[in-house]
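Reader: I am new to this structure. Please show me how to read its features, one at a time.

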Amino acid sequence: MRFAEQLMALRKQRGWSQEELGSRVGVTRQTVSKWEIGQSTPELEKLVELSKLFDLSLDALVGLEREEEYAVPAVQGCGVRSCGAVYEYVSSIKVFGLPLVHIRWGLGPQLAKGVFAIGNCAVGVVAIGGSSLGVVSLGGISVGMLLALGGVGFGLFALGGLAVGGFALGGGAIGQWLAVGGGAYSNYLAIGGLAISQGLAVGGTAHGYIAVGANEAKGVFPYLQRYGYHIEDVWFAVKTEFPHMWNWVRGMIEAVLS
């Protein structure tokens, strides 16, 4: 691939305009345009800057090495770099300056940043990756402003092996209003094998202001399964102390007491 074609493919693959590329290497849009149509070629200093920018050797950048080894197709958005295999796609459509879709996956800490971002590390409105940060986030380690799903999840709604959030569901769950898990802690409602809450705790072992337990119950108002409490009496106490408690919780309490 000739240098002019290579430069245009690399620029488009990253979703940059000619003006954006020019600003990164300190030249005008018109200069970049002349490079891409073959009217002129960069001086050595600018070639070095371009090779660093695109993480290519000078020989690969100007087309002296095998095209199939270094060229980056503009449509698929994937290529092989000196640091290992890197697959990347950047959509040309942008929203508030971010690519609509950015996929960047490969060896090393590859960061994808876009409205929809997928990568080893992903940052976006919707982010999917080994580590992800977004409004909606899915990943091994996931941080979401609204929803987080991952091995470790942090979000308003969090689901994961370890989940921390306003509403948390996981093997270990810590929630402000609701926590459900093998081990669950919440300020308002905790449901789990071990449930601990400043408010209502329901589970096998329950510690809370109101505690409903199958095996153990400790709190200001403890209700232990073997003592044969009636669901109506327990639910009345719950609604008296917590008038806004969700009605579906009654079924959970009944299941523990039965």
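Reader: Which strand gives the largest share of the nonpolar patch?

Author: Strands first: they are DSSP runs of E, at least two residues, numbered from the N terminus. A patch takes residues with over 30% relative accessible area and no salt bridge; nonpolar side chains (Val, Leu, Ile, Met, Phe, Trp, Tyr) are joined within 5 Å. A salt bridge is a side-chain nitrogen of Lys or Arg within 4 Å of a carboxyl oxygen of Asp or Glu. Here strand 6 gives the largest share, 6 residues. The patch has about 790 Å² of accessible area together, by the Shrake-Rupley method with a 1.4 Å probe. Its residues include Y87, W105 and L169. Strand 2 (84-90), strand 5 (101-106) and strand 6 (111-186) each give two or more residues.

Author: This is a predicted model: local features need pLDDT of at least 70, side-chain atom pairs pLDDT 80 or more, while totals for chains, interfaces and linings use all residues. Residues are numbered from 1 along each chain as its sequence is written, and side-chain values use heavy atoms, without hydrogens and water.

Reader: Is L138 buried, exposed or partly exposed?

Author: Buried means under 20% relative accessible area, exposed over 50%, partly exposed in between. L138, in strand 6, is partly exposed because its relative accessible area is 32%.

Reader: Where is S91, and what does S91 touch?

Author: S91 sits in the loop between strand 2 and strand 3 (94-95). S91 is buried, at 6%. Contact means heavy atoms within 4.5 Å. Leaving out residues up to four places away in sequence, S91 touches G15, P99, L100 and V101.

Conventions: Patches are made of residues with over 30% relative accessible area and no salt bridge: like charges are joined within 9 Å, nonpolar side chains (Val, Leu, Ile, Met, Phe, Trp, Tyr) within 5 Å. Helices (H or I, at least four residues) and strands (E, at least two) are DSSP runs, numbered from the N terminus. Buried means under 20% relative accessible area, exposed over 50%, partly exposed in between (1.4 Å probe, protein chains only).
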